[in-house]
Amino acid sequence: MDKELKLKIRADLNERTFEGETLILDRINGQIHHLNSTASYVWKQCDGSSTRAIAEKLAEAFQIDLSSAEKDVGALLSEMTRMNLLEICNDTQVD
């Protein structure tokens, strides 16, 4: 995934976070997604921030090396995009 790509959460999704884990209700596709605490952390960063910025925040928050964070964030965001949970952010002001 492009490290400069900026993604945001689809506006019509409903979510609830409990004890660090997030449930996402996608009414349009009739699906419920369950995110563990690490995936929930990444999910919360999808506010128009770049993939690189999200990986940097994850590396700092979870005290892991940036290379591993970039790989994991890229894979997770690719999967979330494939599931149509995220959309590309055209706002270049946020990062």
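Two strands pair if DSSP finds at least two bridges between them. With that in hand, here are legends for some close-up views of this predicted model.

**View 1. Strand β1 meets strand β6.** Strand β6 covers residues 86-88, and three bridges join β1 to it, with the two strands running antiparallel.

**View 2. Strand β1 meets strand β5.** Turn now to the pairing of β1 (residues 6-9) with β5 (residues 47-50), where two bridges connect antiparallel strands.

**View 3. Strands β2 and β3 form a hairpin.** Here β2 (residues 14-18) and β3 (residues 21-26) run antiparallel and are joined by five bridges. The bridge partner of F18 is E21 in β3. Two residues lie between the strands of this hairpin, and E19 takes a positive phi near 50°.

**View 4. Helix α1 packs with helix α2.** Two packed helices are described by the angle between their axes and the distance between the axes. For α1 (residues 37-44) and α2, the angle is about 140° and the axes are 10 Å apart. Angles over 145 degrees would count as roughly antiparallel; α1 and α2 are therefore oblique to each other. Their crossing is right-handed. On the α1 side, the contact is made by S37, T38, Y41 and V42, while α2 brings I54, K57, L58, A61 and F62. Sorted by class, the residues of this contact of α1 with α2 are six nonpolar, two polar and one charged.

**View 5. Helix α2 packs with helix α3.** How are the helices placed in this view, and at what angle do α2 and α3 pack? Helix α2 (residues 51-62) and helix α3 (residues 66-82) pack at about 125°, and their axes are 8 Å apart. That angle makes α2 oblique to α3. α2 passes α3 in a right-handed crossing. Look for T51, R52, I54, A55, E56, L58 and A59 in α2, which meet L66, A69, E70, V73, G74 and L77 in α3. The contact of α2 with α3 has eight nonpolar, two polar and three charged residues.

**View 6. A salt bridge links K3 and E70.** Side chains of opposite charge can pair when their charged atoms come close. The structure holds seven salt bridges, and this view shows the one formed by K3 with E70, whose closest N and O atoms are 3.2 Å apart. K3 lies in the segment before β1 and E70 in helix α3, so the pair ties together parts that are 67 residues apart in sequence.

Note on methods
Residues are numbered from 1 along each chain as its sequence is written. This is a predicted model: local features need pLDDT of at least 70, side-chain atom pairs count only at pLDDT 80 or more; totals for chains, interfaces and linings use all residues. Side-chain values use heavy atoms; hydrogens and water are left out. Axes are lines fitted to C-alpha atoms, for helices over the stretch in contact, and angles run from 0 to 180 degrees between N-to-C directions. Helices (H or I, at least four residues) and strands (E, at least two) are DSSP runs, numbered from the N terminus. Angles under 35 degrees count as roughly parallel, over 145 as roughly antiparallel, 65 to 115 as roughly perpendicular and the rest as oblique. A crossing is left-handed if the near helix is turned anticlockwise from the far one by less than a right angle, and right-handed if clockwise. Contact means heavy atoms within 4.5 Å. Ala, Val, Leu, Ile, Met, Phe, Trp, Tyr, Cys and Pro count as nonpolar, Asp, Glu, Lys and Arg as charged, and the others, Gly among them, as polar. A salt bridge is a side-chain nitrogen of Lys or Arg within 4 Å of a carboxyl oxygen of Asp or Glu.
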